[in-house]
Amino acid sequence: MNKLIALFALICITVSCKNKGKSDYILPTSNGNTNKILVVIKGNDWEGKIGDEIRSVFGEHQVGLPQPETLLSVGQIDPVGFKGFMRHAKAVLIVREGEKEKITVEKNKYAEPQILVYATAKGKGALVDLIRNRGKEIIKLFKDEDIRFTQRIFKKEKLDESKFQTVKNLGITLTIPERFRLVEDTGDFLWLRQHLKSGIARGDGSNNVLVYSYPLEDESKVADNITRMRDTIGKKYIPGTKEGMHMITEQAYTPFTFDAEIDGKKAYETRGKWEVKNDFMAGPFINYTIIDKENKRVIVFEGFTYAPSVNKRDFIFELEAIAKSLKIK
């Protein structure tokens, strides 16, 4: 009897360990940079019309940047090669033929964090149409996931915002990485700067965060006043190296403004270029103008980059991730 009990106990322990091992399996860490995807598609299709459509849609230039840079960087691999280490890519688009046209999403299947987007259609012509008609939807899936990924990283190295009087006065929270340093905090206007060094000509570059607000008077005029307001702030708070120099919106380039939403509130996203009046400094900016009806005000988050001679898409993307972490208490 004692031997039977011991055998039964051993079986229970073995089964328990096996089940625990399965549930506690840890996925490998994914690889790949933000704004970069791996497309799983047959080589012939990649070189044909489907690949042409993918390159056309995903290769569209990001607005507001001084140099042409695509919305996403795209690599390709044949389905037979999508195994082992290659399956650990952070962002994957799998293009395949099937009976029904659909776009589906699967997360953390082979690695973590990971997003797999499946684009399925019946036949090659239908796949071309799917990419053409729903390509922006697919891009948004990848972009939104990259925003969340970046925000999780920033949250681990979050700057203590409670020490900034402007943040406290505005009653907001932001997830800003601690590598940003204070430039100015008046209680009404906050300026933080991150120094950028790698590969930048003519000395250090920088990523910058500005936060301020102004009274909400006529909501219908907010979008039209974005450029005028940022020029007013530039003149007041962001001087150049000599008298008469200050930041302005680049006069030779009209900014692009889109409808947006921040913390559930109506907002406008504006992308464009800034310059210093009477100087040669310039770069891209991203501006979120948020309508806070409850408090009868407009909150503005702006990020701008100075990084001569290097690509700036990913710097602006980090500023976008910070902006979209903004919450009004």
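Me: Is W274 buried or exposed?

Reply: This is a predicted model, where local features need pLDDT of at least 70, side-chain atom pairs count only at pLDDT 80 or more, and totals for chains, interfaces and linings use all residues. Residues are numbered from 1 along each chain as its sequence is written, and side-chain values use heavy atoms, with hydrogens and water left out. With a 1.4 Å probe and protein chains only, under 20% relative accessible area is buried, over 50% is exposed, and in between is partly exposed. W274 comes out at 2%, so call it buried.

Me: How many aromatic pairs are there?

Reply: Rings of Phe, Tyr and Trp (its six-membered ring) pair if their centres lie within 6.5 Å; planes under 30 degrees apart are stacked, over 60 edge-to-face, and the rest tilted. By this rule, the count is seven.

Me: What is the angle between the planes of W191 and F304?

Reply: These two form a tilted pair, 6.4 Å centre to centre. W191 is buried at 7%, and F304 is buried at 5%. The angle between their planes is 50°.

Me: Which residue forms an aromatic pair with W274?

Reply: Look for a tilted pair, with 6.3 Å between centres and 55° between planes.

Me: Which residue lies over the face of W46?

Reply: A charge sits over a ring if NZ of Lys or CZ of Arg is within 6 Å of the ring centre and within 35 degrees of the ring normal. Here the distance from the ring centre is 4.7 Å, and the residue is R55.
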